[in-house]
Amino acid sequence: MATPKTQITDSPAEYSDTKRAPLGRVRSTGTPFTRTIGIATIVSMATLAVFGLVLSPADVRQGDSVRILYIHVGTVWIAYVAFTVTAVSSAAYLWKRTRSLTWDRFAGASAEIGVLFMALTLFAGSLWGRLSWGKFWVWDARVTSTAFMFITYIGYLAVRGLGGSHQQRAKRSAVVALLAVLQIPLVHFSVKLWRGLHQDSSVADRTHVTLQGLMLFSLFVSLIAFSLLYLWLLIHRQRVLAMQDALDDKGLDYALQQRRDEGDL
Amino acid sequence: MLRVARLLAAKDLRIEARSRIVTNQVLPFAAIVMVMFAFALNSDAVVSRVAPGLVWLATLFSLLVLVQRAFAIESADGATDALRAAGVDPAGIFLGKAMALAVQLAVLEIVLLLSAVVLYRAQLRLSGVVLLVTTLVAATCGLALVGTLYGGLAAGVRGRETLLPLLLLPVVAPVLIGATRATEAALGTGGAAVADGWPWVGLLAVFVALFGVGGTLAFGPLIEE
């Protein structure tokens with residue numbers, strides 16, 4: 001073969017935080033680092049299952065339903081962390097000196113994970129609520145503003161999907177992410193005020209019991225396990241998004257080049 | 001900036017005055033929503049108890065329509081691009097559009113409030129007039145600012161009709177809560193005292209301040225494309 005098959009070998013730092021393989025050869029988003037995190041996640045999740053389901057005692061008042069909290073607290077923690085990361089990454093994108101689409105992709109990846117874990121939080125929380133309070137839903141300020149946060153970030157993801165260039169997407173969604181930061185405390189505060197005047201007992205207060213020994217430890221394991229899971233998901237998702245962006249940018253060139261190469265044969 | 005805003009607001013209002021879309025389509029829509037609420041709730045006592053909330057809910061639904069309309073007139077002929085090409089300050093565009101929207105909303109709210117008096121037997125009282133007017137002004141400003149902000153974002157993109165409600169409704173939840181409680185206090189619904197309403201006006205004021213500043217800063221980047 002006279003002419004070697006053309007490959008698009010440039011791998012601009014724009015697309016990759018690992019600077020490894022050229023586009024077209026990347027098969028996996030895994031690296032030794034993420035594999036280590038992945039294994040650590042599996043191990044800690046197994047540990048959590050053992051502690052949460054077997055070793056930790058049932059609660060004196062809540063019984064076995066307290067075990068749901070080892071999931072619930074972990075997922076809500078991840079959701080908050082994820083949305084914080086989205087806000088910080090968005091600010092980093094908007095700040096001219098640190099402007100890079102990598103920040104935008106971290107913001108998007110983190111928001112996706114946050115929405116997923118917020119859904120899990122609401123789901124596990126309502127199951128726990130049914131068992132503990134006898135109802136799936138209470139109009140508590142924290143519960144209600146959590147639901148609002150969930151919807152807000154679904155909106156954020158919709159804004160990300162609007163199309164246009166990557167830069168348009170990045171700027172638009174970064175602004176929306178920062179507006180969400182403005183909005184969420186306001187919603188929380190107003191719902192709190194709303195409940196306050198209705199003089200309903202705040203169910204949130206009842207969860208402020210002191211945790212001891214194995215229960216506290218299980219909760220701690222839960223936070224570690226879910227944090228590792230978040231980190232693993234975030235890095236992989238960010239890389240997949242980078243590949244998608246690269247595909248959008250270079251995909252057509254690549255396909256054209258391949259057709260041309262066929263013609264040369 | 002303020003001169004730009006005034007000119008833009010005047011332009012928008014002139015378009016509305018000539019096209020009569022607001023009076024001929026949005027107001028009847030809001031009125032039918034009020035009637036439908038009565039159908040759904042099916043009780044004079046319940047309807048008169050929740051009248052303030054229904055007024056504000058109908059306002060929010062109409063806000064969605066008004067915002068779509070306010071940006072449809074811009075994006076249809078690429079007017080926003082022309083404005084930007086003319087070097088008009090985005091903050092001026094933002095405030096101008098918000099001012100025009102606020103005027104339309106205020107008209108709508110007064111009509112809705114009167115329809116609540118007629119249809120739901122809501123009682124207006126003299127001692128609550130100051131509170132009521134303040135609430136109307138504060139809530140209208142808040143809704144107009146946020147509506148313009150997210151309307152500008154959704155303008156000119158595919159799927160804007162469905163995106164706008166998803167983005168806008170969660171944001172205006174504090175306005176719904178604050179304005180409803182303040183209006184209840186002003187009207188004395190459910191035995192509320194006038195003095196109970198002022199903290200809610202405070203909430204509305206905070207909302208207006210935050211989104212006034214935030215929106216002025218954010219609008220430029222949002223419409224720049």
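B:Asn42 is exposed, because 8 other C-beta atoms lie within 10 Å of its own; a residue counts as exposed with 12 or fewer such atoms, as buried with 20 or more, and as partly exposed in between, with C-beta atoms placed from the backbone. You will find B:Asn42 in the loop between helix 2 and helix 3 of chain B, just after helix 2. Although B:Asn42 is not a glycine, its phi is positive, at about 55°. Most residues other than glycine have a negative phi. B:Arg20 is another residue other than glycine with a positive phi, near 55°. B:Arg20 sits in the loop between helix 1 and helix 2 of chain B, and it counts as exposed because it has 10 C-beta neighbours inside 10 Å.

A word on what you are looking at: this is a predicted model, in which local features need pLDDT of at least 70 and side-chain atom pairs count only at pLDDT 80 or more, while totals for chains, interfaces and linings use all residues. Residues are numbered from 1 along each chain as its sequence is written, and chains are lettered from A and ligands numbered from 1 in the order in which they are written.

Let us stay with chain B and look at its helix 2, residues 21-41. Helices here are DSSP runs of H or I with at least four residues, strands are runs of E with at least two, and both are numbered from the N terminus. Helix 2 of chain B has 21 residues and reaches 29 Å from its first C-alpha to its last, close to the 30 Å expected at 1.5 Å a residue; the expected span is 1.5 Å times one less than the number of residues. Which residues of helix 2 of chain B are buried? They are B:Val22, B:Val26, B:Ala30, B:Met34 and B:Phe37. An α-helix has 3.6 residues a turn, so residues three or four places apart point the same way. The cover over the buried residues of helix 2 of chain B includes helix 1 (2-19), helix 3 (44-75) and helix 5 of chain B.

That brings us to helix 5 of chain B, residues 90-120, which packs against helix 8 of chain B, residues 198-223, at an angle of about 110° with the axes 8 Å apart. Axes are lines fitted to C-alpha atoms, for helices over the stretch in contact, and angles run from 0 to 180 degrees between N-to-C directions. Helix 5 of chain B is therefore roughly perpendicular to helix 8 of chain B. For such labels, 65 to 115 degrees counts as roughly perpendicular, under 35 as roughly parallel, over 145 as roughly antiparallel and the rest as oblique. From helix 5 of chain B, the contact uses B:Pro90, B:Ala91, B:Phe94 and B:Leu95, and from helix 8 of chain B it uses B:Gly215, B:Thr216, B:Phe219, B:Gly220 and B:Ile223. Two residues are in contact if their C-beta atoms, placed from the backbone, lie within 7 Å.

B:Ile93 also belongs to helix 5 of chain B. B:Ile93 is buried, since 23 other C-beta atoms lie within 10 Å. Leaving aside neighbours within four places in sequence, B:Ile93 is in contact with B:Leu8, B:Leu83 and B:Val88. B:Ile93 and B:Met1 are 92 residues apart in sequence, and their C-alpha atoms are 8.4 Å apart in space.

Now for chain A, which has six helices and zero strands. Of the 265 residues in chain A, 37% are buried. Its helix 2 (residues 68-94) and helix 3 (residues 101-132) pack at an angle of about 155°, with their axes 7 Å apart. These two helices of chain A are therefore roughly antiparallel to each other. A:Tyr93 lies in helix 2 of chain A and is buried, with 26 other C-beta atoms within 10 Å. Not counting residues up to four places away in sequence, A:Tyr93 touches A:Arg99, A:Trp103, A:Asp104, A:Ala107, A:Ala170 and A:Ala174.

Finally, how many residues of each chain meet? In chain A, 22 residues are in contact with 21 residues of chain B. On the side of chain A that touches chain B, the elements giving two or more residues are helix 4 (141-160) and helix 5 (166-198) of chain A. Helix 5 of chain A provides the largest share of that side, 14 residues.
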